[in-house]
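Take a look at the structure below. The report that follows walks through its parts in short steps.

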Amino acid sequence: MKRLVIIILLLYMAIPMTWLPLKDPQLTHAAANRQPPNAVYLLGTDHLGRDVLSRLIYGGQHTLRIAGLATLVATSIGLVWGLGLYILPKFTRPLFYHSLDALLAIPGLLLALLILTLLGQSDLSLALAVGVSQIAAVARVSHGLAKQTYHQEFITAAKALGASSWHITRHHILPNILPPFIAYAGVIFAFSILNSAGLSFLGVGVVPGTPDWGVMLAEGRYAFRAAPWVAFYSGLAISLTVWSINWLADSWQKH
Amino acid sequence: MKRNSVLRSVLQVVTSYVFIVWLAATFAFFAIRLLPGDAIEAKLALSAASPAAIAEQRALLGLNLPIAEQYLQFWVNLLRGDLGHSLTSGLPVTELIGNALPSTLELALSAFLVALITGLSLGVLSAATSAHISFLPSLLTNLLLSVPIYWTGTLMLFFFNAPSQSALFAPMLLLGLHTGAPIARVFSASLKQIRHAPYLFAARAKGLRARRLLLRHTLPLALLPTLNVIGLQAGFLLAGTVITEILFQRRGVGRLLLAATLEQDYPLVQGIVLLAAITYTLANSITALIQRLIDPRIETVS
């Protein structure tokens, strides 16, 4: 079951959307705008008469790809930073540790907004913004995980045998913290979906008009009373995806 | 001896507090100056002003000075309680933030209360009840963790009347429930972990009643790790109000922040970053202190 969910998620992120028998998500149809779900448009149409079902499926891939890239950025840099604290000379550690705290003290949303302003509005800069704004949190968690391992006896033994701190980090700490870290990466993926869709919801993430869950939710919000299905289904899709990823991360952690 | 160690941990917390706020403010100072263009350029470009006029405006605000000098000036002004003037409206930043703050504080504090109540009660309910009942609170916790706040908010607006400045109940509930979910999660996890501790087994063997066992011997210990999350959540509340304030069209720091970033209003962004960093660090320092006072086993940071 778990493997099935992972395979479905990965396939969904990788498969070219044109292979699927879907209507064009950008095709507008002024005569058929804001139609409730029916036999032709299974999930209805939005304010421009675009098919909600196909926008939902295209948009999910868009959102998940951005979130995936953001997760890669956050986890790779965060892990190196968190573990790097053990390789650095001892007297520099407080500075690096406190700089983590300082970075954490700046709201992630603000950091993401700053990066988006710096790089301009595009998919790549959204992924970078969401990823970078989570680096400090990842670094702190991986540092915490490493700390637990670091105080065990076999590390002391390795040190007594003359192992370098690089060797200890690479061959003793890293393999030990990897399983819980992968579970945590799942949580970061879930957060990335929520955050990137949130920035698109605020109108600063994905360029408006693109099929994307956050954009759909933002567009659907203004006409929520007239056509609730647009915002409803995109929000539902985000929630279900985040739920299943959280569930995966949870069961991986227990395992 | 004991008083000495308490004093030392207070001193330690305070020094790292000051250090972190200094780092965050410095980071904010340099980060915003990396951004291309600023509000003056944007504003004057629209009115087709000459380059000389732009330069004059920039000189007036000290933006043409060497960066080191700007940085020094920034701290001198800051220590005098002057955060500069907004580039778009020309009003003092302290006044702008001061005007927005009460509404945000009202929302953040009441939401924090809701978060505490939901977090702690959901945590206890999902850890300390039988399996038939406990699935419900843990389901609710997971739901709140997975559902985006901007979706719940949109759905909520469907049922509540048109958003207005004075309506506090709906936004408070929205922000509070979402802020409480991580608290519930950590609290129930630490309760479940402690439940199998040998000392509780001994207490049960001695014939202690289930309620006393829970109230006196389990809850206080499980609260210790939970305090961490509570502190983190409290620290993030100020910035966490952005989406709620936009959804419910409330005035506040969150909306000010979004507008200031979009308009590249450096001094205003800087002021809000500073405020957020101070709240975050203050909330975390308070939790660190409480934890050390409750549990002397917690070692001081090295």
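A residue counts as buried when its relative accessible area is under 20%, as exposed when that area is over 50%, and as partly exposed in between. By that cut-off Asp46(A) is buried, because its relative accessible area is 2%. Keep in mind that this is a predicted model.

**A buried pair in chain A**

Asp46(A) has a charged partner. Arg55(A) forms a salt bridge with Asp46(A), and the closest N and O atoms are 3.7 Å apart. Is Arg55(A) buried or exposed? Arg55(A) has 0% relative accessibility, so it counts as buried. The pair belongs to a network of salt bridges that links Asp46(A), Arg50(A), Arg55(A) and Glu219(A). In general, side chains of opposite charge can pair when their charged atoms come close.

**Salt bridges over all chains**

How many salt bridges are there over all chains? The count comes to seven.

| Salt bridge | N to O distance |
|---|---|
| Arg55(A) and Asp46(A) | 3.7 Å |
| Asp250(A) and Arg185(B) | 3.2 Å |
| Glu106(B) and Arg250(B) | 2.9 Å |

Start with the last row. The side chains of Glu106(B) and Arg250(B) meet in a salt bridge at 2.9 Å. Glu106(B) lies in helix α5 (residues 93–127) of chain B and Arg250(B) in the loop between α10 and α11 (253–262) of chain B, so the pair ties together parts that are 144 residues apart in sequence. The two partners can also be sorted by accessibility. Glu106(B) is partly exposed, because its relative accessibility is 41%. Arg250(B) has 0% relative accessibility, so it is buried.

Now the middle row. The side chains of Asp250(A) and Arg185(B) come together at 3.2 Å, N to O. Asp250(A) sits in helix α10 of chain A and Arg185(B) in helix α8 (residues 169–194) of chain B, so this pair joins two chains. Asp250(A) is partly exposed, at 22% relative accessibility. Arg185(B) is partly exposed too, with a relative accessible area of 33%.

**Where the chains meet**

That pair leads to the interface. Across the interface of chain A and chain B there is one salt bridge. Five residue pairs are in polar contact between the chains. Which elements of chain A give two or more residues to the side that touches chain B? They are α3 (93–105), α4 (108–119), α8 (165–201), α9 (213–222) and α10 (228–254) of chain A. The largest share, ten residues, comes from α10(A). By residue type, this side of chain A divides into 27 nonpolar, seven polar and five charged.

The contact takes 39 residues from chain A and 43 residues from chain B. The size of an interface is often given as the accessible area lost when the parts come together. Here the buried area between chain A and chain B is about 3700 Å², and carbon and sulfur atoms give 78% of it.

**Nonpolar cores**

The largest nonpolar core has 108 residues. Those with the most contacts inside it are Ile193(A), Leu199(A), Ile238(A), Tyr150(B) and Leu268(B). Helix α1 (residues 2–34) of chain B gives the largest share of this core, ten residues. Take Ile238(A) as a case. Beyond its neighbours within four places in sequence, Ile238(A) is in contact with residues of chain A including Ile193(A), Leu194(A) and Trp213(A), and with Pro148(B) and Tyr150(B).

Val21(B) lies in helix α1 of chain B. It is buried, with a relative accessible area of 12%. Val21(B) and Thr279(B) are 258 residues apart in sequence, but 9.6 Å apart in space, C-alpha to C-alpha.

Thr218(B) is part of helix α10 (residues 210–247) of chain B. It counts as buried, at 6% relative accessibility. Its contacts beyond four places in sequence are Leu191(B), Ile194(B), Leu200(B) and Leu213(B).

**Chain A as a whole**

Chain A has ten helices and zero strands. Its C-alpha trace spans about 75 × 40 × 30 Å along the principal axes. Of its 255 residues, 52% are buried.

Note on methods:
Residues numbered from 1 in each chain as written. Chains lettered and ligands numbered in written order. Predicted model: local features only at pLDDT ≥ 70, side-chain atom pairs only at ≥ 80, totals over all residues. Heavy atoms only, no water. Contact = heavy atoms within 4.5 Å. Buried area = accessible area lost by both parts, 1.4 Å probe. Salt bridge = Lys/Arg side-chain N within 4 Å of Asp/Glu carboxyl O. Polar contact = N/O pair within 3.5 Å; in protein donor to acceptor, adjacent residues only side chain to side chain. Helix = DSSP H or I, 4+ residues; strand = E, 2+ residues; numbered from the N terminus. Nonpolar A, V, L, I, M, F, W, Y, C, P; charged D, E, K, R; others polar. Buried < 20%, exposed > 50% of the residue type's maximum accessible area, 1.4 Å probe, protein only. Core = buried A, V, L, I, M, F, W, Y, C linked by side-chain atoms within 4.5 Å.
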